[in-house]
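Please open the model in your viewer and have the selection tool ready.

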Amino acid sequence: MKLSGLFHGILVIVFVMSYTSSTSAMTNFNVLNFGAKPNGVTDSTDGFLRAWDAACGSADSSFIYVPKGRYLVGAMAFKGQCKSPQIIIRIDGTIVAPLDYGVLGKSENWISFQGVTGVSITGAGAFDAKGPSLWTCKASNSNSCPSGATTLHFTNSNNIKIHGITSLNSQMFHIAINRCRNVRIQGVKIIAAGNSPNTDGIHVQFSTDVEIFNSSIKTGDDCISLGPGTKNLWIERVTCGPGHGISIGSLAKDLKEEGVQNVTVKNTTFSNTQNGLRIKSWARPSTGFVEGVRFTDSVMRNVQNPIVIDQNYCPHNENCPGQISGVKIKDITYTDIRGTSSTPIAIKFNCSAENPCTEVKLQNVNLTYLNKAAQSFCSNVVGKAFDLIQPNGCLESMG
């Protein structure tokens, strides 16, 4: 073995020992030993699946290693229940999708984890979904384009960690968390073109106790989107742009819908985005709600809509339901929000006539447009403003 190879192997072993909190034995599984080829040409799907089956079936904690190189894989579903109490997947290479977007485009997900517990994905590697060709198809308004696949999807899973990886050019969502509990996403990079359709960076729904830290998201849709049933979510130190901002919703897609509650968004930066901090729902009846949201310490840099609540959401004004939103929005706080708007109206609260937004609080907000005071718009909102508020005039001022 070359000295450099020996040194790298030692580093990997040290990483495994430091990353796992378990005192049980750790069994290693290198995807190369299961037939995966790092040449970017040979289909390595089966090698990855075989490595997963071996790790999942181990009685020990397991470590799956993906060395440097490029690995061509199709759609893969990694399923529990596993005997292994903990599976760490270390990716130092790049996992690439087939050039033909139709291979993945017909699948809902590219890489999915279903019913797993204690899975960690980490490393300096990347997922490259080769999305631009599908985006071009969609831009042509062709009816033959598939919807596309989400790059990394977790469903019905617990105790999940995603750390350090990069997601490039997803066909659809980059990372989706659905019906999961206790998820931590940290230090990820998400990159797609600003005009790429439906490429949400991180989407969370029907999930509890999710944390997103220290991440950079550049995409063509919401940087982070929160769907129904999201509870106890913490977002901190995230940069967004390009993209559509951090969005709760869209909600009211269904009449019977779970609510969104206890959300904290802290220390975020938005650069040249369509929106900053947004809550959106369709104008139709719904049992849904949004309650207990704290937006704090955000910087806006040339953002079209820095602060917005829109209960008449209807993109492109096509097939709008034209009803009244039943989503109840209350206890929403904006604190220490500052920066520049690229449009005159920096704060827009367009709430439901039958279900007004209540307990909305603005504190120390300073948003300008072309070096002058920006404007605000309010409809059916009840709340209070504290300390410096610019623009002002929307809510009752408390000094």
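Predicted model: local features only at pLDDT ≥ 70, side-chain atom pairs only at ≥ 80, totals over all residues.

Residues are numbered from 1 along each chain as its sequence is written, and side-chain values use heavy atoms, with hydrogens and water left out.

**Stop 1: the sheet.** Select the eleven strands of the open sheet, which follow the order E5-E8-E11-E14-E17-E19-E21-E23-E25-E27-E30 with parallel pairing. Strands E5 (76–79) and E30 (375–379) form the edges; each has a single partner strand, so one side of each lacks a neighbour in the sheet. From one strand to the next, the twist averages 10 degrees. Strands (E, at least two residues) and helices (H or I, at least four) are DSSP runs numbered from the N terminus, and two strands pair if DSSP finds at least two bridges between them.

**Stop 2: helix H2.** Select residues 45–56, helix H2, which lies across E5 and strand E8 (109–114) and runs at about 5 degrees to E5. Such angles run from 0 to 180 degrees between N-to-C directions, with axes fitted to C-alpha atoms, for helices over the stretch in contact (heavy atoms within 4.5 Å).

**Stop 3: strand E25.** Select residues 305–310. Five of the six residues of E25 are buried, so this strand is largely enclosed by the rest of the structure. Five bridges join E25 to the parallel strand E23 (residues 275–281), and the bridge partner of leucine 277 in E25 is isoleucine 307. Four bridges join E25 to strand E27 (residues 345–350), again in parallel; here valine 308 stands opposite lysine 348.

Stop 4: Which residue does UniProt list for "active site"? The unreviewed entry lists His244; UniProt annotations may be inferred rather than shown by experiment. Histidine 244 is in the loop between strand E20 (231–240) and strand E21 (246–251). Display its contacts: Gly220, Asp221, Asp222, Cys223, Gln274, Asn275 and Arg278, leaving aside residues up to four places away in sequence. A polar atom of the histidine 244 side chain lies 3.2 Å from the backbone oxygen of glycine 220.

**Stop 5: strands E19 and E21.** Finally, select E19 (residues 224–226), which pairs with E21 in the parallel sense over three bridges. The bridge partner of leucine 226 in E21 is isoleucine 248.

Notes. Polar contact = N/O pair within 3.5 Å; in protein donor to acceptor, adjacent residues only side chain to side chain. Buried < 20%, exposed > 50% of the residue type's maximum accessible area, 1.4 Å probe, protein only.
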